[in-house]
Amino acid sequence: MKIFKRCFSICILLITTHVFANTASVYFNGDILTMEGEQPQYVEAVVVKGKTIAYVGNLRDALNAAGTNPVLHDLKGQTLMPGFIDAWGHFTLIAQNTLAVNLGYFSKNPPSTTKQLIDRLKAEARPFNGWIIGAEYADAFLTDGPLTIAQLDKAFPNQPVFINNISTLTGIVNSAGLKKLGITKATKVTQGMIPIDPKTGKLTGELIGMPNVEATARVFGRYSEDLILETYRKAEMIYASNGFTTAQSYETTLDDIRNMRHAVERNLIRLDLIALPTYDVVDQLLASNKNYPFGIYTKGDGGFKVAGILVSTDGAPQLRLAYFSKPYADTVGVPKGWRGMAIVSQDVVDRYAKLAYQKNIQYYGYSNGDAGIDMTLLAISKAIRETGITEDRRTAIAHSFFIRDDQLDQYKTNKILPQFMPNHIWMYGDVYRKILGEDRARSMVPLNSARAKGMQFGIHNDTPSSGPSALFTIWTSVNRVTYSGTTLGPEQGIDPYFALRGFTSVAAYQYKEEASKGSITTGKLADFVVLERNPLKVKPMEIKDIQVVKTIKNGQDLYVRP
């Protein structure tokens, strides 16, 4: 009898589980924006069964399609649209930064003065690996900035402190930090700078380029897999709270790839995670498996995958490291006629572009100045010519900040997707006016020119190099407002719908996932975001203030706003 009762209970549990697993959900009574096509389209209702969209259309037919006792989700006038897809970002860096104090403009209490910044460090920081660490710092956003080594030394005379800039390419440490890192005036630098104050002859504490990258690695050090996975979960919530259902991490190492895969395989992360390693890491992957499965998810239509190969040509334009065909307008502190520089040879770019086309590995360029873009275009054109491959390989070039009009034509001819980062307009537009001049500054991120040429283009945040909000980036794409409140190149602004496409349908296309993501269409994954208001119906300047209410991944709530 006990055995019968136990078996009966198990059968009931299995039946109940099966019933609930197959219960449909119906979303209705809101603006359901499908993101299908070139113009906005709305439907009355969406039916989800399991992790898939089962029906899209009117409410009456939706209720019929849902079957018996569906779960009803009344949107109450809110907006449902496809979940945002991160086309270019640093998931692993966002995770790492959760070990630091977030000092960014998008933090809960962004500092506006150096005193507020130091006060937050004192109140919130907990030493990690022997360091007090701050992240997302930007001196332009401090009314009395920049932060100085003298201020850090006064506040933390004995405790090593490292403050990483939002660009992740520069930072500042105090004297105790310099000592712990072993940095002196005699320290040799290959790429970048360790500045010396000409008045005092002492180090300023600033680290630029590779010295900062190397310092970041040493400051955080290596930590346990359990802690890594804990930071991944925190990073997932940052993404999900901003409406993302897919996240990317570029410049991934072999360790990053292993950890990301483990996190997904162990179901600790529900976002789809995409790694994008640099060419040297791709060499190692191919050495271990000449048929390495690039672009293939571990769970069929989701999970984890390595997207392709990344080749960068030049550095950050706001630091005057982007490579241009004409000199910077402001060359104070750099050689006369300074045009920036390439960080890799043309031969290297050529070699890996050809490898990508030969092996059908998706090629991702990273080029900022127009001369850097020329390098990538030359390599891709050469690869196409030598391999004879003219099909659309979804080749992409980020950030394409200062792309010329003739280069846009080459993108279109060679089926290259520009992957733009509009937030630089808000963050550094005023800087670019000074260091590049008005004409080059106003033509940066030429979204409207790309649209006029009939091109698809993606849009990204590059978090943590800018904030994690897709809606803020969409706001910048539409309004092109700088930090000082002026407008930069308003003729290159686009309408909100095309900006939204950059985070949805076009991002899915970039990853070759348009059959399963990017729009609310029958048969696609139920990856959604619910917004409190419709970005297409509010005033353009209000778009950045729209709140994410809920993020849904594979039909299940991933984030719900408290």
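The following dialogue explains some terms used for this predicted model.

Guide: Residues are numbered from 1 along each chain as its sequence is written. In this predicted model, local features need pLDDT of at least 70 and side-chain atom pairs count only at pLDDT 80 or more, whereas totals for chains, interfaces and linings use all residues; side-chain values use heavy atoms, with hydrogens and water left out.

Visitor: Why are helices α10 and α11 called oblique to each other?

Guide: Helices are DSSP runs of H or I with at least four residues, and strands are runs of E with at least two, numbered from the N terminus. Angles, from 0 to 180 degrees, lie between the N-to-C directions of lines fitted to C-alpha atoms, for helices over the stretch in contact. Under 35 degrees counts as roughly parallel, over 145 as roughly antiparallel, 65 to 115 as roughly perpendicular, and the rest as oblique. Helix α10 (residues 279–288) and helix α11 (residues 346–359) pack at about 45°, and are therefore oblique.

Visitor: Which residues make the contact between α10 and α11?

Guide: Contact means heavy atoms within 4.5 Å. Tyr 279, Asp 283 and Leu 286 of α10 meet Val 348, Tyr 352, Leu 355 and Lys 359 of α11.

Visitor: What makes strands β18 and β19 a pair?

Guide: Two strands pair if DSSP finds at least two bridges between them. Five bridges join β18 (residues 395–399) to β19 (residues 416–420), and the two run parallel.

Visitor: What is the order of strands in the open sheet?

Guide: The order is β16-β17-β18-β19-β20, with parallel pairing. The edge strands, β16 (308–312) and β20 (458–459), each pair on one side only.
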